[in-house]
Structures are given as structure tokens and as C-alpha cells.
Amino acid sequence: MSTPTRKRRTSARRHSAAPGVRTAGAIIAVACLLVAGCGSKPAPSASLPAVPAAPPLTTSFAAPGGASWTIVEMGGSATDENNFWQVFLRPTATDGWREVTPRGVADNGGLVVASSGGGSLVTGFRPSQLLTYTPLATSTDNGANWSSAGPLNASLASATDALAAGPNGQLIALTTGGTKAELGQRLGTAWSRLATVSSLNATPPGRACQVTGLTAAAFSGDTPMVAASCGRPGHAGIFADTAGTWHAAGPDVSGQTVDVLALTASGSGLVALLRATAGTSASIIGAWYSGGRWTLSSPLRIGAGKLGSTALGPGGSIGVTWNAVKGAIMAGPGKAWQALPALPKRASTLALGSQVEVIAASGQTFRDYQLASGGWSLAQTIHVQIPYGSSG
Amino acid sequence: MNSGLNDNNPTLVAAFRAALLHQGIYVLLIFAILAVAWVSAREWLRPARAARSVAPEPAWRQLLRVGFGVIWIFDGLLQAQPAMAAGLPSQVIEPTAASSPTWVQHVVNWAGTTWSYHPIQAGASAVWIQLGIGVWLIAAPRGFWSRLAGLASVGWGLVVWVFGEAFGGIFAPGLTWLFGAPGAALFYCAAGALVALPERTWHSARLGRAVLSVMGLFFIGMAVLQAWPGRGFWQGTLHGQQGTLTSMVSSMAGVPQPVILEDWVRGFASLTAAHGFAVNLFAVIALAAIGASLLSAGLPEVGLRAPAPWLLKATVIAMVVLCLADWVLVEDLGFFGGLGTDPNSMIPMALVVVAGYLALSPAPAVATEPAVVPEPATPGPAAAAAKPGPVPRRSWQAQPARLARSFGAASTGAVVAVWAVAIVLLGAAPMALAQTNHTASPIIAQAIDGDSAPMDTKAPAFTLTDQNGKQVSLASLRGKVVLLTFLDPVCVSDCPQIAQEFRGTDQVLGAKSRNVELVAIVANPLYRSLAYTRAFDAQERLTKVPNWLYLTGSLAQLQQAWKNYAVAAEIVPGGGMIAHSDVAYVIDPSGYTRNELDFDPGPGTASSESSFSVELTNAAERFVRS
């Protein structure tokens, strides 16, 4: 054995810890490694304020002049970009439905349609995949012909009333996940900021509501209105912008935490659908504004049910579906909720007019069922050419 | 992270094979040169091999060196699988990191992106580096170069452990010894570190005791983890669902493999499903017992009595048997199914433990290696140098003749080790060069769309309106290379990707972009206003690209341009996007179309976008007037 080797070892020993300490060090190091392994779990998601899930974009509404519109999702999986949203029109109560989806833009992200009456419509294509702004299409002849409008240089919010059409080509668009509202002129060729969640919360009515998100927009005459989810109970977050100042314009909902699901002009008044939540249980409340006051319906309890669609019909009639097979309608202010028979398979939404209808749309087939004495009766079937695989 | 291409994309597979073949020729060439030089030096210079004191390499070190050398070579061969170049990020790196925390995924993602930018260079590099390290370990039994081989194993092992194995999954839930925790490559590192230890550590049993103690602690930790409730290992099946272990084994049984192995693994999966508790109990007890026994090897270090030798021997045998059983029945030999990159952790782990056990025995005493003095066969110019004399000093500053004599005096192993180092460098160099290039290899674009079609025709004229409202004609762009494409401003997939490829082209061109005009013509008959071209430019961050033109016009003008350039732009019913062609043309400064590139952007990954930019840049640069 060579001496230098021994010397080096002696030297090393002198300058290092005792063997036992080194062994203990190694043990601690390995233990740390193991503890790191044992303790590693996916980080819990950060605690976020509870924002109620927005209802899907599936909806129907009656436009002034007697036309009914429904917006439904068809095709296949949204994950594979094989879902395609369609717009259907029933021009009058005696006509059948027909597909009038505007062309030229992939609509996998969803469609939001706003009517300003007289056959005038604006459709917003919610951007999907790599598109980040919102193309708009407009029609003045009940969807027979569409032309491009806008665009809106932001992502339209996912809400059935995220777009509102007013007089003289004015538009309101809720954008950026319901945090901003933009006011558009000349069918969206110019846009300016109307409100944000923070700017609303800086006003007395916004502070009282504690706005958590913008959920609907409407015009009352030429007055822009926005609706919101309120964090503070007792307020229905409906605000009107008169002469540049926001005023509370919603009904008193006495102690309940409320989101506004839908808000639309109806004649000289307004119709709103409210969702009041208490814990995990929810109720739907209809609200009608006419003659300077609000009328509220009795609450329709849907419990923890998953809201499927909303429907606004003529004469202030309202309807909702939930849990895929349940539905209820109310004929107007002062009336009672009427539970519907179990909805047909793949029911998308209700359509309210002279009859109560259920639209069942999936794959390439659109089916219209009408409520008859014996239950739902198939009234019309439309085959829609779905461009599967075209958005990939 | 990945290129998004099919693993077996024929273009990539062919390019990978070609790269391996080319580099393989270099490897053989280097070997031939070294061999000729060595034989020549021995023959002509007749170098004397000095007598020196050497300690025989201890058995534990030999086991680690040769054992891990063989494993590295095996891993290198696995890396040469045809699908590895495109498949490693998507089939190996991404799934491994998927259940790990976000920060681990970020780290791993960096490596995956690097690989996907240069799949051929990266794939070939991994092959040669691993083969080289393996050969190096086996060929260099002692001395500086042998220790350096150990360090190379540590270095590359760490790269594999961090980026390829996502830290061996130690930060992911479901960590278990049975499935290879804490990652095979960590044992490669451990073995490399032991090989790299200086010779003075060979002559004491303390190293063996330390290795066994650490491994003992590791086994105990794994036993605790295995026994931890709520992780699903105690149940073979629960409420009709497979328990964690059953699920893992069943998934292994389903991968392509020899029938006999599949039968064994399936049988064990059935046993686990039926007796999950008993199987896990056995695993926990076995791990704990082995751990405790191995840990006891370190008792003399803290002044306590060493365990009986037979106990350690029996423990090591039991550990090896357990590792082999797990390797076959649970890990399924580690490399079957998908893109196997290594035989998993059981063999490396067993080698480290056995080496630790062997290291308990003191190394043999230092022996003197006799001097070798060759008899000169024929007198020659080197005869004088061959005379026995003073021991030649090893010095890097040696004169060329002395260096040549030293080379001639080297052993076969040393020469092979030099060759192995050359293999490692041959593998590492292209990857290092690729790293300095922040753009992806054009091979990805070629793999997606094939080669461009050369043309030589007068480019059809057009006069349209740019995003600023100015009239632009093709004639007005004369003198510049025009890269022309057709984009739908409201397209949700391909067009934004192509726009980014054009934007990337501008960046890659650098100063040359002054002589290149990037031109897109609207490919949507309905959404073609200036407001939409501007919205698209803003979306794609093209507003600040000075040589970008997005042209539109009346429907008639656009239709004429589409017709002239054979571009389809059809309205699709039912909510579909406009169906249009993905194509790019290269128009030279004199107004001739010189190339047509199929420009379907494919998966639209960062690497594919960058690759198309490079392809476009290369196409443009051929016609740029200096």
C-alpha cells in the first residue's frame, strides 16, 4: 500500500466529519428525497371566488314582428372542433323552421344572436381555436342574406345576451369573459369602452351589488343596459347608462344572491331571467319591467340541477330547461310556472310562441317537437349539412 | 412540446436512418484511423511500457463499469429505433411528465421543445452519446480516463433523469418502487459517481458499507411509501375498479411483447387483482426487510457491531431475486410497448447493491505491472526510442514524438476508450451546434408537406389594396423576392399558423428581409374588408412587420387572383370555415414564380411553425439579390 495514499486519506479524514455523521448526513439526504416524493401531490388549485356556471348559449327568443329564433349546437364533439352552432328561424307561427346560419366563419365557439326588430339581426361568432377576435354578421331580412359587420376586436363573452342590438346600428358586446362591455357604432365598425367590472364597482350601484361579472346586455330604447352577477345578496345587477352615469335598474330581490341569466327588451319594457342561489341550490325567477316597476315571478326551484337553456317568447313568456329532461314555462308576468312533460331525447331548448315546442338538435338532425295533449309530438325534421372535420 | 408529427413519419424516419448511417461511417472511420495509427506507432516506434505500481481494479468497480457500460450500449441501441426521432417527446417525455407538478413539466417541456426543433440531430446524438459512454466505460478499466467515463455517465444520466424521466417521477403521485422509482437514470448517475471515485477509496470496506446503508434507507423509504394507505396499492380491485398495482400491471400486459412474457404479466395481474392485499403486504415486508438488513451494513460506521456476513449475502441474493421478479412481472422488462428507451430500474438497482456488497471486501494489494520492452524486429528510426530507460512521463506538453510513443504504448483498451470519447463527441457536437440555432430544422416542414415544386413561369399580375388602404400591384414589388400566400382573416386554425410562419420568416431573414416582401391575399369571399385584414394583423402581431402586406379587394378582384394562382376559396355551409388552399409561392425579383410550396401547417406546434419559416427563408434566400 503506498504511503501517499494513506496520507491523503488521513488528511481527508481530518477535514471531514466523522463517519457516523457522514452516514447520518447521507441518511438525511435520502430521507429528504423520499419525503419530497411522498409529499408530492398536485398543487391544489387556488381558491377562487365562486362564480356560478354560465348557462350554455343554447337559447330561443321571439323577435318583434312574430319571428322566432333558436340557436343550437349540432354536430359532434366540441373537443374535436366538430361541434357546429346553427341558427334556425321560424318567420311566423304558421311557418316551419329553417336553417339560416350565417356563412363564412367557423362557429365552433358558439353563436350569439341579437335582434333589433324588423327582421334586423346581428350575429357574433365567439372565437375558437386561434381566432381571438369576434367576427360579426348582420342581416336585415330575417337571415335570408347575411353580410359581414364589425369586427369586434375582442372575444365575445359566453352568454346568450352577450350581444345586444339597438337603434341606429348601435351594439353592446360583453367581452373578455364578461369583464368588459363595449359600445359599438354603425354595426360594429367603431367600438368604445362602455363599462368594466371595475368601473361599475366604482359607482354607487356597482358597489352595492359588488359586481363579479357581466352577464347580459340590452338596449331599453336607446339606453344601454348591462346585467351582472352580484356578489352581495339582495341585488339584481341590472344597470342603465343614462347620460354617462350608471344607475341601478334591477328589481329588489330581498336577501338572495342573484345572477342575471338573460335580459332583453320587450315592447316598451324589459324581461329578465334571474338565478337566485343559496348554497348549492338554485331557483329561476322571471322578472318583467313595465310601467316603471318590476314584477317578479315565484321562484322555480331547480336545486343543484344543471341549467340547459333559456327561452324568451312573445308576451313576456319565459322558459328554462335543466338536467336535460326537465323543463318549465311561464306564460308571462303574474302567471304560474308550468312544469313540462319529460323532454324528448337530446332536447336542446324550448321555443315559445303560439305553441310550446322543444328543439332537439344533435348530429346532423334538427327535430321540432310540439306539446300536444298526449305529450311531445314530432312536428318537423331538418337535415343539416355539418362540415365535420373542417375546423381541425 | 413535440413536433406533432406521426412517430413513423417516413421523411423523418429516413432522415434519422441517414443521419445514423453517416455518423456511423464517421465512427468507423475514426476507429480505422486510430487503429492504423496505434498499430503503426507500436510497429515503428517500439515504445516501452513503463513498469508502474497498479492496484487491481476491485470486483465491485468492474461490475459497475462493465454492467453499466453494457446497459448504456443497450440504451443507445434502443435510441436508434426508427420512431425515436419524432416519437421521444410525445411517447416518452410528455407522458412521463404528465402527472408531475407544473414546474417539472416546464423543465421537461424545455427539453422536449429542443428535441422537437431538431429531431434528427437530437435522436442521433442520444444514440451516439449513449453508445460512446457504454464503450468508454467498458474499455477504460482504470485511471483518469476511466474516472472521466464515470463522470460522463453521471452527466448524461442526470440529463436523462431530469428531462427524459421527469426527475424519475419522484414529484408525481403514485410513486412506487415496483414501477421503477426513483428512475433508472438515477442509478446510472450513482454508478457513474462510484466509478469516478479515486483509487484511494478502493481499499476500504467503508464505501461498500455506505452504499448498502444508503440503499437500505432507500428500500425502507420505498416500503413506507408502498404501505402508505390511500394510495390504492392495498386493493387488488375496489368497487369493481382495478387497484393501483393491478391497473399498472394490467396496462403492461396489454403492450406488444412476446407471448410468454405477456402470459406471465397477465397472470401476475390476475393474482394482484384477486389478492391485492397479500401481494402488497409481501412487497412491503420484502422491501422493509431488505432495507433494514442493508442499512445494518453501516452499523460499524457508528461504532456498532457489523451484521453477520451470511445475513448480508442472503439479503443481497433476496434483493436480486426480488428485482428480477419485479423486472419481469411488473416492469415487463422495461422496454416493451411503445418506445422503450431503457430496461427500467431493476437491473441498475441490483447492480448497485451487488457492487456495494462486493465493496465490503477489501481490494487486493497494489501489484507492480512489469515493464514491457519490445524486442526490435528490425532496426529502424524508432529503435533508439524503444530502448528501455527512464519511465516516460505522461505530459500533455510532450513533444510530438514522445506523444506518439505514448500513444503506441497505450493498451488496446485505452485506444478503444479514445475511440469511445470520439463517439461521444461526435454525438454531442451536432446537438450542441443545433442548440445554438434557435430555429427548427426544415426537415419537419418537409415531413409534413413534402418538398417544394420548382416553377419558372411569369407570376400572374394583381392590383389589390393593402391593410393601410393603399393600392399594391405585383409589378410594384419588382426587385424584391415576394413570398405570396392566401389567408382567410377569420380562419380559426391554419391561417393564423401560416401568418406566424411568415412572421417567423421575417425574423429569420434578418437584414435580408429588406429585399423580401411577405404578401398575403384574402381568401374569404365574405369577410374581406380592411377592418378584417387589420383585425387579423393585430391578432397575429403583424402590424409592426414592415414588409408585410395583407391585400384585399372587390370580390371580382379576389376571385381573379384566386383563379390565377389556382387557389380555392369555397363557402362551406353549416357553420364551417371557408375551404381554401394552403399554399405559398416564391416569386423572384423579376416577377417569375420559382417555387410552389404546399403550406398546410400541419400540427401547428412551435417546432413545425419554426420549421416552415426556415423552409420559406431558404426558398427566399436563393433569389435575394445581394
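**View 1. An open sheet of 8 strands in chain A, with mixed pairing.** The strands follow the order E4-E3-E2-E1-E22-E23-E24-E25, where strands are DSSP runs of type E with at least two residues, helices are runs of type H or I with at least four residues, and both are numbered from the N terminus. Two strands are taken to pair if DSSP finds at least two bridges between them. At the edges of this sheet lie strand E4 (98–99) and strand E25 (338–339) of chain A, each of which pairs on one side only. Within the sheet, strand E1 (residues 59–62) of chain A runs antiparallel to strand E2 (residues 68–75) of chain A and is joined to it by 4 bridges, and A:Thr59 stands opposite A:Ile71 of E2(A). The model shown is a predicted one, in which local features need pLDDT of at least 70 and side-chain atom pairs count only at pLDDT 80 or more, while totals for chains, interfaces and linings use all residues. Residues are numbered from 1 along each chain as its sequence is written, and chains are lettered from A and ligands numbered from 1 in the order in which they are written.

**View 2. An open sheet of 4 strands in chain A, with antiparallel pairing.** Its order is E26-E27-E28-E29, and the edge strands, each pairing on one side only, are strand E26 (347–352) and strand E29 (375–383) of chain A. From one strand to the next the twist averages 25°, angles being taken from 0 to 180 degrees between the N-to-C directions of axes that are lines fitted to C-alpha atoms, for helices over the stretch in contact. Strand E27 (residues 356–362) and strand E28 (residues 365–372) of chain A pair in the antiparallel sense over 6 bridges, and the bridge partner of A:Ala360 in E28(A) is A:Arg367.

**View 3. The packing of helix H2 (residues 59–79) against helix H13 (residues 346–358) in chain B.** The two axes are 8 Å apart and the helices pack at an angle of about 165°, which makes H2(B) roughly antiparallel to H13(B), a description used for angles over 145 degrees, whereas those under 35 count as roughly parallel, 65 to 115 as roughly perpendicular and the rest as oblique. On the side of H2(B) the contact includes B:Trp60, B:Leu63 and B:Phe68, and on the side of H13(B) it includes B:Ile347, B:Leu351 and B:Leu358, with residues in contact if their C-beta atoms, placed from the backbone, lie within 7 Å. The residues of this contact divide into 12 nonpolar, 1 polar and no charged, where Ala, Val, Leu, Ile, Met, Phe, Trp, Tyr, Cys and Pro count as nonpolar, Asp, Glu, Lys and Arg as charged, and the others, Gly among them, as polar.

**View 4. The crossing of helix H4 (residues 102–117) and helix H20 (residues 606–621) in chain B.** Their axes come within 9 Å and cross at roughly 35°. B:Thr113, B:Ser116 and B:Tyr117 of H4(B) meet B:Ala606, B:Ser607 and B:Ser610 of H20(B), a contact whose residues divide into 2 nonpolar, 4 polar and no charged.

View 5. B:Gln557 and B:Pro589 are 32 residues apart in sequence and 23 Å apart in space, C-alpha to C-alpha.

Terms used:
Contact = placed C-beta atoms within 7 Å.
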